[in-house]
Structures are given as structure tokens and as C-alpha cells.
Amino acid sequence: MRQSQLFGRTLRQAPAEAENESYRLILRAALARQVAAGIYSYLPLGWRVMQKIGAVIRDEMDKIGGQEINMPVIVPAELWKESGRWYAIDETLWRIQDRNDREFVLAMTHEEVVTDLTRRDVRSYRQLPYMLYQIQTKVRDEPRPRGGLIRMREFVMKDAYSFHPDSEDLDRYYPSVYQAYVNIYQRVGVGAIPVQADPGMIGGTGSHEFLLPSDIGEAVIVRCQQCGYAANQEIATAMQQPPSVDVAAAPPPELVETPNIKSIEALEEFFNLPPDAFLKTIVYSVEGKLVAAIVRGDQEINEVKLANALHVPGVRLANDQELANLHIATGFVSPVGLANLEVLVDDAVPGRSYIAGANRKDYHLKNVLPGRDFPLDHTVAIALVTAGDPCIRCGNPLVTGHGLELGHTFKLGTKYSAAMHADFLGPDGRESPIFMGCYGIGLDRLLSAVVDANHDDRGIVWPASIAPYQIHLVGLNLDRPEVAIAADRLYDDLRRQNVEVLYDDRQESPGVKFADADLIGLPLRVTVSQRTLKQNSIELTPRRTRENSLVPADLAVETISKHSALTSHALSPA
RNA sequence: CGGGGCGUAGCGCAGUUUGGUUAGCGCGCAGCGUUCGGGACGCUGAGGUCGGUGGUUCAAGUCCACUCGCCCCGACCA
């Protein structure tokens, strides 16, 4: 491609609204342009990267038996009503009507459509297992798009769905997808960490997220640097502390007047004790009922875990009215004598005594012993794991960091097949629902992540596997005919060898050309100029090292071809 | 949806507090000339009606009301 013809100008300054560095580079290098909040166009360079990422993903999906299909963006509402998600999902599900007022959704994922395809086609266990995938547009009316290509309202996703006769077969297949994902991230040049995750609204029996450690990430990763344990903070667990008091010898509770001492901080000051000496009781509203959640004073409640423990989609804090209705003394709540609502106790609570609320304004109780002074019927891990907590596996202190979610795999089980009657006949002649898995990767976000993980202060440093072109041929002094002829000839020779080359044939100063080459970030820069011509050679400059070397002109094509042979997924000749 | 910020030329910004002649600057863009290995220089020039609507006023980029859009934090997040 001749750069003089290439659509999309590089920008010296990024638009002011672009805050994170990878997004700034995406705009500056002319990969994409914003159309509306969370909605983007790709320019030629960016779209080539997307296609290359797609090629890597296709290769890995095909290797594990995937068959590529394509499903529509517009889907009849009936399918979503069958699965129940029409009712379960809020405004994020984009709903439209046709001219006859028939309802449709703009699909945010394709479990319904692929399950419908399956139930229409599959009758017998002999047709199982199989895996279908597509690389296709997804639409979600996100409450807050952000970060350029990080969270979009319209985006490109590889979504894959596998179908199995039983959960054992799904369990056997799942690791191959996991491995394919690890391969994909490695091949495109990002170090994604697989972590256990919450299945969320997709549902199912187990899931992993693939997170790239990055400040622009929205998830929090909890990791152990000793043993390698890693989990999303939403579901991370920590090792419990050993009991610190002699339970049998613990003294009875004692009422203490604590005028207007409501918060843990105020209690710390009042009693001059560390925060873990107290019990924290938070009242939640859960599907119309109130539930009390108890954690140690130094901990926070993990609402995802709480919701999972209660088998509900979500929880919210009780409001003042709800608390008032129950005659709860805000700031002095405790599980002691709290008979009129369900109480969940974090599993780190038992084993020692605490100062807790007295359920009476301006009073607390000393020497409250879990199990003796309040029941421990419902003890479950609901505390938020934070940095410094002991690793669940090895006990060493955990660390936390931000992570960008690059992919998510789920064991769905029969959630969709049962709801939508996707059944098959087994060898014994009995009908049962198909077991499903589903597996997603957002391509736009992956592109952002690659830029985030592969750039320097001059611009992008593309991994060869997904660079829009392999070679940036930069011609200087092109106003001199002998240089222009040599550069043109090299360009033609390289194209004849099917080398992907972007040829900067513009009439620009050397500084402009070098700066653009660094910004766009193709793996190898090849400079042809009066100076190199004089030495009967060309100059090679790998983008990553930026170290120049001269190669004899007659070896140029061979050397460069060898250099770019790394790419096994060349797009159409440049 | 709650909180905060911002809309003036393609991009980056000044001007708005204290209304007052033809709305400025840098980069970019066009033409000519000189340059040509790290975002060159000179001259000439094009380009905005100040997000939109309504209002106040002799007079509005500037004041008021409404409204649209974009960004950030939070809630949410398949």
C-alpha cells in the first residue's frame, strides 16, 4: 500500500477526550475514529489489525474443532422470552420494533439463537459434540461506555458455543478452549492471566476470565505471587485466621454506653482498639426481604458473593425507610437478638469475641461470641478479599491489581437447552437436554489491550502476528529520480514476494516520516535514501529495538522476506 | 441514574468572571519558493457565527432558561 493513497491521517495531538494512552495511540495512528459514545469506525490500518486478530482466533478455534457460522444481530424477542433473558436483563438489552410493532432485540450474545439452531437440527447423541463460533457484531446499550474501545455499545466479539451429551463431556472439552485462549493471547502479544470468575447473568456452573494486568482495566485481580493463585476479586477467597481466643473461657456479653458512636472508625477511637475487634453488620434488601450480612470490622462485604450465597441475581443496601420500618437502630445493629431477619455471617468471623452493636441506640456489647451469642447457621464467605489477606492455597499475603477482561469462558450446563427444549436422544433411547459451554473474546478490546501492552513513548510497537503490515518502506529524497526508482523497485519486488508492505512514498520531510513510522509501529522499517543508495545498501530498523543496520541492496528482498516470514496470516497482498 | 468537567476552524487551545467595533493563537490544510536522515523555513491564502433553541438587552461567544452531545468518577457490566 502506498501511504500517499492510504485513507486516514495520523494525528500529532489526540483529541482531548481521549484519556488513556492506548486509546490516544489508536486515534493518533489512524486506526479508528469515534462516531458516537461507544460507537466507532475502523480505518484501513485498524481494520487490518482486526482482521489479523480474527485470523489468529479462527486458527485456534478451528484447531479445537470449531466450525465458523454467522448469526444475525437482529433477533426476534420470542427467543429471548423463552430463555427468560428478555425479562432478566435491564435496559442494557437493546430492544427494537419493526414496522408491524413486532419486537426484536439487537443481540448482545447469541446463546438463544445458537440454541435454537441446535434444537432444530440435533436429534441424536450421534450428532454430538460440536462447537460453533462466529466473529460478529454485538450490541449492548451500556450505561456508560468508556475508554475508547474498552467498553463499547457496538463491538466485535468472537463467541463460541459447544454442545455435549453430558457434563463430563463438557468438562473434557472445556480445557481445550482454555488452552486455545491462552494460545490466542500469547500469539497476539498480551499476557492474559486466567482467573476464576463469577458467571454473572450468562449463568452456568463455572467460568474463567482472562485478565490483562493493566491500569485501564475495570476488574480487580487478586493474586498470590507465591503459588500463582489468581481470581477476580468478585469471587476470590482467602484463608481463614486461626481462632485467637479461648472460646470456652470467654466472658459473657456486657453492655457499654457508646453515645453517637456509629462507624467502625468512631469505635476504634472510642475503644482504642483495631478495626478487627468489632463486628460490622450491614442490612441488604434482597428481593423484597431484608438480610443482615456480618463481617469483621476491618473487612468489606463482597456483594457478588453475597448474592451468590443467597442464590439471587443481585442485592442492594437497605434504604433508610426499610431500616426504619424494622425499627433497626442504624449504627448499632448487630446479629445478637436479631430475630426478624435472615443473618449471613462471613466465615472469618467465628473463633473469637467482638464488640458488636446492641440493637439499641447509643449502646454496644462487649465480649460477643459468635455461635454462643448469635447463631452461625448461615456461615459463608461473603467478605471482600483485599491485598494482604492470606492466600487460600498457601497462606502468603495476596496482592491486588486492575485487570482488563479479555475473554470469558463459561460452562453453561443446561441453562439454555432446558429452557428452550434443546434435547437429544441418548443411546439408551432417553431424551435429555444438551450440555453447553460458551466462550467469548472481544476483538476491539483485545486490540486496545495489545496497544496498551505494546507501545513506547513514540507510538505503537505491533507484534508481527497482528501488525497491519509487516514492513514500513520509507523512501527519503524521493524527489531524486534515482532514489525514487530504487524505492519503487524494492516496493514492487517485496509485493511480488507477498510481503505486506506499507510504502511511505509521500513528499514529506524525513522527520515527519520517521515519526509516523514510529507512531504506526510496523515491526520493521526499511529506509531507502540517497545515503543508503550511495553505499549500495538499504537500512533496516526493527521498531522494538530501533537499532539500524545496513544490508546490501542485492540481498534486500531476501532479507526482508525472511524477516516478515513470521506472519502466517498475511491478508491480501498490499 | 447520582457526582464532576467540557462543547469556540480538522486537532490543541485563548477569549466568557466585569456583554461593546470585522472572534484570536499554535499545529494542520492550499499555492509559490527555499530545504531534505528525526515532526524544516519564508511569503501568500482558505477555513469558524462560538453545540442547538428560546429569552434578556440598543448590543450576546460572554447573562438567563431549556435542550443535545462528549469525557471522567460512581452505580451497572454477559
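At what angle do the axes of helix α1 (residues 21–28) and helix α11 (residues 443–453) cross?

**View 1. Helix α1 meets helix α11.** This is a predicted model, in which local features need pLDDT of at least 70 and side-chain atom pairs count only at pLDDT 80 or more, while totals for chains, interfaces and linings use all residues. Residues are numbered from 1 along each chain as its sequence is written, with chains lettered from A and ligands numbered from 1 in the order in which they are written. The two axes cross at roughly 105° and come within 8 Å. That makes α1 roughly perpendicular to α11 (65 to 115 degrees). Axes here are lines fitted to C-alpha atoms, for helices over the stretch in contact, with angles from 0 to 180 degrees between N-to-C directions. On the α1 side, Ser22, Tyr23, Leu25 and Ile26 touch Ser448, Val451 and Asp452 of α11; contact means C-beta atoms, placed from the backbone, within 7 Å. Sorted by class, that's four nonpolar, two polar and one charged residues.

**View 2. Helix α5 (residues 111–121) and its cover.** Helices (H or I, at least four residues) and strands (E, at least two) are DSSP runs, numbered from the N terminus. The buried residues of α5 are Glu111, Glu112, Val114, Thr115, Asp116 and Thr118. Buried means 20 or more other C-beta atoms within 10 Å of a residue's own, exposed means 12 or fewer, and partly exposed is in between. Among the elements covering them are α3 (77–83), β7 (130–139), β8 (154–164) and β23 (435–442).

**View 3. An open sheet of three strands.** The order is β13-β19-β18, with antiparallel pairing; strands pair if DSSP finds at least two bridges between them. β13 (254–257) and β18 (354–357) sit at the edges, each pairing on one side only. From one strand to the next, the twist averages 35°. Four bridges link β13 to β19 (residues 363–368), and Glu254 has Lys366 as its bridge partner.

**View 4. The hairpin of β5 and β6.** Strands β5 (residues 94–97) and β6 (residues 103–106) run antiparallel and share four bridges. Trp94 stands opposite Leu106. Five residues lie between the strands, and Asp101 takes a positive phi near 65°.

**View 5. Asn183 in helix α6 (residues 167–188).** Asn183 counts as partly exposed because it has 16 C-beta neighbours inside 10 Å. Asn183 and Ile64 are 119 residues apart in sequence, and their C-alpha atoms are 12 Å apart in space.

Note on methods: Two residues are in contact if their C-beta atoms, placed from the backbone, lie within 7 Å. Angles under 35 degrees count as roughly parallel, over 145 as roughly antiparallel, 65 to 115 as roughly perpendicular and the rest as oblique. Ala, Val, Leu, Ile, Met, Phe, Trp, Tyr, Cys and Pro count as nonpolar, Asp, Glu, Lys and Arg as charged, and the others, Gly among them, as polar.
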